[in-house]
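Student: Could you take me through the spot where the ligand sits, slowly and in one go? I'd like to know what surrounds it.

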Amino acid sequence: MIMLRKAIVGLGAGALLFGSAACGADDGDGSGGDSGEGLVVGFAQVGAESAWRTANSDSVQAAAEADDRIDELKFVDAQQEQEKQIEAIRNFITQQVDVIVLAPVVETGWTDVLGEAETAGIPVVLADRGIEAADEDLYVTRLGSDFVEEGRKAGSWTVETFGGGETTRILELEGTVGSAPANDRKTGFYEVLDGEGLDYELVDSQSGDFTAEGGKSVMETFISTHGLEEVDLLYAHNDEMGLGAIQAIEEAGFEPGTDVQIIIVDGSKAGFEAGVDGKVNYIVECNPVFGDQLMDVVVQVEAGEELEKFTPVEEGVFGPDDFEDELPNRQF
Ligand code: AHR
């Protein structure tokens with residue numbers, strides 16, 4: 001029976017840069033690469049900005065831990081900074097990991113570093129977010145959500161709910177500027193509104209950086225600039241920003257879910273609880289629990305198997321009639 005060494009090494013990018021990282025799979029020659037037993041995988045994660053992200057990190061780490069085919073996962077939390085992800089990838093290359101997994105914080109700016117991985121012969125898998133089409137040759141495959149489709153789902157509910165009435169006045173809380181989910185959730189949403197001919201006015205749209213603090217502070221600005229009396233809908237690109245906005249709405253003396261209807265994207269426990277309390281009207285699911293599937297992809301990629309360029313994870317939508325029944329099923 002082969003005894004596998006197993007290490008999940010969690011490091012800030014800074015620690016890796018300054019060489020103080022412990023490398024569980026280091027073979028003694030300074031490389032963290034093939035120990036002859038299982039794969040060594042480097043994962044440059046976005047950060048810990050949301051419950052979704054924490055659930056995603058937990059899912060990937062647990063799957064690597066449980067998988068005999070994976071010897072070590074080198075995990076870097078990049079604190080939502082692209083520079084830290086680039087540093088992490090360069091360290092993974094130096095350590096000669098078998099596969100690099102990247103959840104890119106933004107879509108652009110990856111050409112050089114992914115080119116370096118290619119030159120080093122290390123395959124790259126994108127998890128969760130995508131990058132610009134021009135760099136498509138620099139990664140093997142992406143596993144994650146279809147963010148455009150998520151936006152379309154939010155758009156369809158908006159048309160069903162408000163279509164045929166007076167002008168629908170909308171506020172939008174966008175995710176991190178330049179990130180795939182912010183760009184795509186916007187694209188899909190307006191594609192449906194425009195395609196279906198909804199009479200709407202976008203009152204304001206700003207980024208809350210996918211955080212509760214960001215959502216609350218932008219919502220406070222929205223309220224002081226535009227008021228809420230004439231606003232029909234708040235479209236928040238994730239749960240955290242929606243929940244932060246709900247606080248701002250309540251503090252301003254309005255009733256979230258009633259005075260202004262609210263769509264959120266993710267489907268965390270806290271999001272569903274807000275739905276049960278009548279403060280959220282529609283939830284578009286974004287599923288972070290794909291660690292097991294990711295490990296399969298990593299192994300297939302390292303073996304040189306042909307894979308689809310993009311594999312979407314399964315996701316649903318939930319309205320008021322579903323919130324109470326679905327709440328106990330939420331995993332994050
Ligand atoms: O990339 C997925 C998005 O990133 C999730 O919707 C959000 O909560 C996270 O920050």
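Tutor: Let's settle a term before looking: a cavity here is a set of grid points, worked out over the protein atoms alone, where a 1.4 Å probe fits but cannot get out. A molecule counts as sitting in one if more than half of its atoms lie within 2 Å of its grid points. Keep in mind that this is a predicted model.

With that in hand, the ligand sits in the largest cavity. The structure holds one cavity of 30 Å³ or more, and the largest cavity has a volume of about 90 Å³. Its lining is made of 13 residues, and those nearest the centre are W52, R53, R129, R185 and D266. Two elements, α2 and α6, each give two or more residues to that lining. Sorted by class, the lining of the largest cavity comes out as six charged, five nonpolar and two polar residues.

Around the ligand you'll find E49, S50, W52 and R53, then D128, R129 and F147, then P181, R185, F210, N238 and D266. By class, that shell has six charged, four nonpolar and two polar residues.

For D128, it's 2.9 Å, and for D266 it's 2.6 Å. As for cover, the ligand on its own has 280 Å² of accessible area, and the protein covers 100% of it. The elements that supply two or more residues to the shell around the ligand are α2, spanning 51–66, and α6, spanning 180–195.

Methods. Residues are numbered from 1 along each chain as its sequence is written. This is a predicted model: local features need pLDDT of at least 70, side-chain atom pairs count only at pLDDT 80 or more; totals for chains, interfaces and linings use all residues. Side-chain values use heavy atoms; hydrogens and water are left out. A residue is near a molecule or strand if one of its heavy atoms lies within 4 Å of it. A polar contact is a pair of N or O atoms within 3.5 Å; within protein, one must be able to donate a hydrogen and the other to accept it, and residues adjacent in sequence count only if both atoms are side-chain atoms. Accessible areas come from the Shrake-Rupley method with a 1.4 Å probe; for residues, only the protein chains shown count as cover. On a 1 Å grid over the protein atoms alone, a cavity is a set of points where a 1.4 Å probe fits but cannot get out, and a pocket is an open set with protein on both sides within 12 Å along at least five of seven lines; lining residues have an atom within 4 Å of a point. Helices (H or I, at least four residues) and strands (E, at least two) are DSSP runs, numbered from the N terminus. Ala, Val, Leu, Ile, Met, Phe, Trp, Tyr, Cys and Pro count as nonpolar, Asp, Glu, Lys and Arg as charged, and the others, Gly among them, as polar. Grid points are joined across faces, edges and corners, and a volume is the space filled by probe spheres set on the points.
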